[in-house]
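Me: I am new to this structure. Please walk me through the labels and tell me what backs each one.

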Amino acid sequence: MRFSVPRPRSLAAQLFAMQAVLIAVVVAGCVLFTYVSDRRQAEEAAKRQARAVALSVADSPSVLAAARTSDPTGALQPYALKVMRDTEVDFITIMNPQGIRWTHPDPDRIGQTFQGHTERALRGETYTETYTGTLGPSVRAVTPINNGKRIVGLVSAGIRVEAITERVQRQVTALLGVAAGALALGAIGTYVANARLRRHTHNMNAAELSRMHDYHQAALHAVREGLLMLDGQYRVALINDGGRELLGVEGDVVGRSVAELGLPAPLTGALLASEPRVDEVHLTASRVLVINTSPVSGGERRGTVVTLRDVTELQSLMGELDSERGFTQALRSQAHEAANRLHTVVSLIELGRAEEAVEFATAELELAQALTDQVVAAVSEPVLAALLLGKTAQANERGVELMVSEDSSLDDGLLPETLPARDLVTILGNLIDNAVDAAQGSVRARVTVAAYSQGTEDCPELVLRVSDTGPGVDPEHAEAVFQRGFSTKPSGPGGRGLGLALVRQAAQRHEGTLSVSEADEGGAEFEVRLPLRESGAVAAGVTSGGPVSEGSGGPV
């Protein structure tokens with residue numbers, strides 16, 4: 001036999017029950033307070049009414065005159081009944097000083113002794129009390145009838161407690177009707193509000209919502225990717241730890257507009273866009289981010305969900321991979337060229353011209369060795385030297401002459417640990433690639449590279465300069481050329497305009513500068529200056545490197 005465990009009620013149902021009970025308790029408390037308060041007020045009003053009637057009767061000249069006659073009842077009984085009807089009191093009893101009644105609502109009780117206290121009245125006081133007499137419990141007032149200084153009789157006027165209770169009950173009944181209406185309206189309003197809440201909470205109870213919140217918080221902080229949620233006014237509604245780190249924002253940013261976060265303009269524009277963005281690459285001060293945006297809509301725009309992925313390392317590795325591919329293509333081309341030369345040497349030997357074969361092979365070896373020696377002599381930093389040798393082969397394949405300025409001088413061990421080789425490859429590799437693209441097809445296509453350190457021992461800096469013989473950069477685009485997406489060439493499948501943006505990002509990351517100007521031969525000249533923080537490591541390598549004269553070095 002199976003027993004079904006009842007599922008906890010939803011949060012909306014619990015709130016409805018709690019609010020209904022709360023309304024009922026408040027209404028019951030109001031009714032009780034009103035009942036007690038009204039009863040007390042009714043009793044006070046009854047005492048005042050009885051006192052006023054008793055004093056009016058006692059002060060009546062006809063009552064005083066009848067009290068001095070031999071048969072007061074004959075004159076006073078009709079008078080007392082008439083006053084009872086007019087003033088809506090339950091009884092008016094007029095008696096002699098000994099308490100013998102002259103009047104009473106029940107004629108059979110006339111002549112009997114008054115039931116109540118008269119001592120204070122006999123002393124000349126007027127007072128009220130609650131006493132149980134022949135008509136039951138009543139609120140009564142007792143006052144003397146004075147003939148000068150002598151008391152010739154007493155008057156008692158009263159209202160039954162039962163009548164007072166009936167009055168209060170009528171008021172409470174009306175109040176209960178109003179309270180029932182208020183309870184009904186409150187219950188209906190609560191039901192409507194909770195029905196709406198039930199739709200929003202998907203009929204989940206409080207425990208389920210609490211558990212979901214715990215999971216939500218755990219997932220939010222565990223995800224390495226950045227997550228950013230914007231409301232309909234493009235204010236930050238939620239951001240996780242990954243989002244703070246990737247965007248480089250600190251402090252409490254929830255509730256602030258995206259435009260106030262200090263992000264780069266292209267990235268801010270993408271976040272403020274109303275249309276979705278898919279796998280867009282954007283740069284911050286120190287990272288390369290891929291963003292995806294998706295609007296949240298339910299009949300109206302409610303906000304935007306933004307995911308952020310850090311591809312800084314990936315972009316760097318892709319750059320290195322592109323360089324490796326270029327090296328591979330250059331090696332294939334060199335292998336093909338070497339095979340042609342080897343065939344030439346073999347053919348000369350077969351023709352019996354051994355001396356000419358030796359002379360030809362020796363000349364080729366000397367030329368290759370001279371090129372290598374020139375690069376290594378100018379730039380002995382192994383990473384940069386290898387990069388220049390590889391780029392030289394690539395440039396030659398594209399009909400561009402790559403030269404290293406004679407002023408270049410970088411000793412091995414010059415660069416501090418704070419300036420990793422990967423960043424130098426990113427900076428110099430992208431600058432050379434752009435320069436080769438620009439120079440290709442020009443007259444005497446040439447790219448000149450200069451790399452040297454200068455400055456004082458306290459403030460040394462590394463200077464990397466690349467110039468070309470291409471069309472140059474329009475002065476109007478001197479700043480825009482460093483923005484992501486800017487390019488004067490057609491966009492390929494992967495997009496263009498990222499190289500210079502990455503160069504400036506790497507330079508700014510090391511507190512360096514990047515500038516562009518017109519080269520001596522009319523092309524563009526890009527210059528990067530990077531501070532060398534570890535003065536001890538660069539002291540021996542700091543030179544007085546000056547301006548680079550393009551073409552002063554030999555071909556590489």
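Reply: Start with contact: it means heavy atoms within 4.5 Å. By that rule T118 touches M95, Y127 and L154, leaving out residues up to four places away in sequence. The model is predicted.

Me: Where is T118 in the chain?

Reply: T118 sits in the loop between β1 and α4 (119-122).

Me: Why is T118 called buried?

Reply: Buried means under 20% relative accessible area. T118 has 15%, so T118 is buried.

Me: What makes A421 partly exposed?

Reply: Partly exposed runs between the buried limit of 20% and the exposed limit of 50%. A421 has 32% relative accessibility, so A421 falls in that range. A421 belongs to helix α12 (residues 421-439). A421 and P382 are 39 residues apart in sequence, with their C-alpha atoms 9.5 Å apart.

Me: How do you know that D86 and K82 form a salt bridge?

Reply: The rule asks for a side-chain nitrogen of Lys or Arg within 4 Å of a carboxyl oxygen of Asp or Glu. The closest N and O atoms of D86 and K82 are 3.1 Å apart, so the pair qualifies. D86 and K82 are about one helical turn apart, because they are four residues apart in helix α3 (residues 72-87).

Me: Why is D86 called exposed, and what is K82 called?

Reply: Exposed means over 50%. D86 has 53% relative accessibility, so D86 is exposed. K82 has 46%, so K82 counts as partly exposed.

Me: Which label does D231 get, buried or exposed?

Reply: D231 has 19% relative accessibility, and the buried limit is under 20%, so D231 is buried. D231 forms a salt bridge with R235, with the closest N and O atoms 3.0 Å apart. R235 has 36% and is partly exposed.

Me: What makes E461 and R529 a salt bridge?

Reply: Their N to O distance is 2.6 Å, and the cut-off is 4 Å, so the pair counts. This pair links distant parts of the chain: E461 in strand β12 and R529 in strand β14 are 68 residues apart. E461 is partly exposed at 23% relative accessibility. R529 is partly exposed at 23% too. A network of salt bridges links E461, R465, E525, E527 and R529. The whole structure has 11 salt bridges.

Me: Why do β1 and β4 count as paired?

Reply: Pairing needs at least two bridges between two strands. Five bridges join β1 to β4 (residues 150-160), so the two strands pair. F91 stands opposite G158 in β4.

Me: What makes a set of residues a nonpolar core?

Reply: The members are buried nonpolar residues joined through side-chain atoms within 4.5 Å. The largest such core has 35 residues, and L428, V447 and V528 touch the most other members. Helix α12 gives the largest share, eight residues. V528 has contacts that include I427, L431, L462 and V503. A second, separate core of 34 residues includes V57, V83, I145 and V152.

How values were computed
Residues numbered from 1 in each chain as written. Predicted model: local features only at pLDDT ≥ 70, side-chain atom pairs only at ≥ 80, totals over all residues. Heavy atoms only, no water. Buried < 20%, exposed > 50% of the residue type's maximum accessible area, 1.4 Å probe, protein only.
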